[in-house]
Amino acid sequence: VSGLPGSIRDAIAEKLGNVGSVRGVSGGMVNDAAEVDTSSGKVFVKWKSSAPHGLFTCEANGLSALRGASSLSIPEVLLVSDPPASNASRFLVLEWIDGHPPRDRSAFGRRLAEGLAELHARNAAPDGQYGLDYDNYLGSLEQINSQAATWTEFYRDQRLGTLLRLGERAGWLSRARALRLGALMQRCDSLLAHANTQAVLIHGDLWSGNFMSAGETPVLIDPAIHYADREVEMAFVELFGGFPPRFRQMYEEAMPLDPGYIDRRPLLQLYPLLVHLRHFGEEYGPAVDAVFDLYGV
Ligand SMILES: Nc1ncnc2c1ncn2[C@@H]1O[C@H](COP(=O)(O)OP(=O)(O)O)[C@@H](O)[C@H]1O
Ligand SMILES: [Mg+2]
């Protein structure tokens, strides 16, 4: 972790009072981060010299939207700097969360599972549309949220279709994989349809690095919000592990998933797997191919 740039330190001092000691924070996938003492208290700062214009605004909007929609803890946004000039410093200042492991792991897991179910249950899209009225980011990747009236159309075109085009153009998706992906996209309608599809607000990037524990209190960070079928959130959760034991069971005790989720899950995991293929390369090739194999394309 590199040190906090002087320009960011000065900007924080101007808004939040004198800056004292600065300690690097690790654990993120994308940005540099630090714990910063100011005269108005300790804050969390994340920045990246190459952050695209809009990235931190989107993250701040996502955090604020989740804070308004969920009873789970979400850090308060204290400052966003996202100027259009390419040489300007872009950063985000959040309320500091005192992360420490829960004493009662099962109580923590239950709170997180029930909180997530409540987020999904209480926040159906007002217009019933999947997507969002603006594009945002999944990590550093631009996430297209153009709205659609049905889940299968949204997932096929905005999630898989966008990566198909991007991957072919940029060259990280082989010809063979592009053909298999195209074939699978044609089957999305039949494979992803189920009884109770509904557009609900999801965190959108819920892997184990994007929730924290403040003791027994779960805290959500680093969202990529949009309105989606909640199954895609659970598929993310289950892709890389790291969640409390029996997490899905506890979620389903609060709000059951439709029958057949397990059969749809690999297809829903294809989006994050393709994002990983793009970002990390062939390490993720076999997992992507396994999804194609599973559906026989
Ligand atoms: N508000 C906060 N207070 C304290 N620590 C935080 C806060 N937000 C994030 N962190 C820590 O910083 C790490 C990276 O944060 P994250 O927002 O996920 O960054 P990235 O965009 O790089 O993935 C997290 O895993 C967590 O440990
Ligand atoms: Mg993160």
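This is a predicted model: local features need pLDDT of at least 70, side-chain atom pairs count only at pLDDT 80 or more; totals for chains, interfaces and linings use all residues.
Residues are numbered from 1 along each chain as its sequence is written, while chains are lettered from A and ligands numbered from 1 in the order in which they are written.

The protein donors of the magnesium ion are N210 (OD1) and D222 (OD), which lie 2.1 to 2.3 Å from the ion; donors are N, O and S atoms within 2.8 Å of the metal (3.2 Å for Na, K and Ca), and sites may look incomplete, as water is not among the atoms. N210 is in the loop between β8 (200-202) and β9 (211-214), and D222 is in the loop between β10 (217-220) and β11 (226-228), so the pair ties together parts that are 12 residues apart in sequence. Strands (E, at least two residues) and helices (H or I, at least four) are DSSP runs numbered from the N terminus. N210 counts as buried, at 3% relative accessibility, whereas D222, at 23%, counts as partly exposed; buried means under 20% relative accessible area, exposed over 50%, and partly exposed in between, with a 1.4 Å probe and protein chains only.

An open sheet of 5 strands has the order β1-β2-β3-β5-β4 with antiparallel pairing, two strands being paired if DSSP finds at least two bridges between them. Its edge strands, β1 (19-24) and β4, each pair on one side only. Within the sheet's antiparallel arrangement, strands β2 (residues 32-38) and β3 (residues 41-47) pair over 7 bridges, and V36 has V43 in β3 as its bridge partner.

The largest nonpolar core holds 78 residues, of which W151, Y155, L160, L181, L267, L270 and L274 touch the most other members; such a core is a set of buried Ala, Val, Leu, Ile, Met, Phe, Trp, Tyr and Cys residues joined through side-chain atoms within 4.5 Å. Helix α9 (residues 261-280) gives the most to this core, with 9 residues. A second, separate core of 13 residues includes I8, A34, V45 and F91.

S70, found in the loop between α2 (55-69) and β4 (77-81), is buried, with a relative accessible area of 11%. Leaving aside neighbours within four places in sequence, S70 is in contact (heavy atoms within 4.5 Å) with G115 and L119.

Notes:
Side-chain values use heavy atoms; hydrogens and water are left out.
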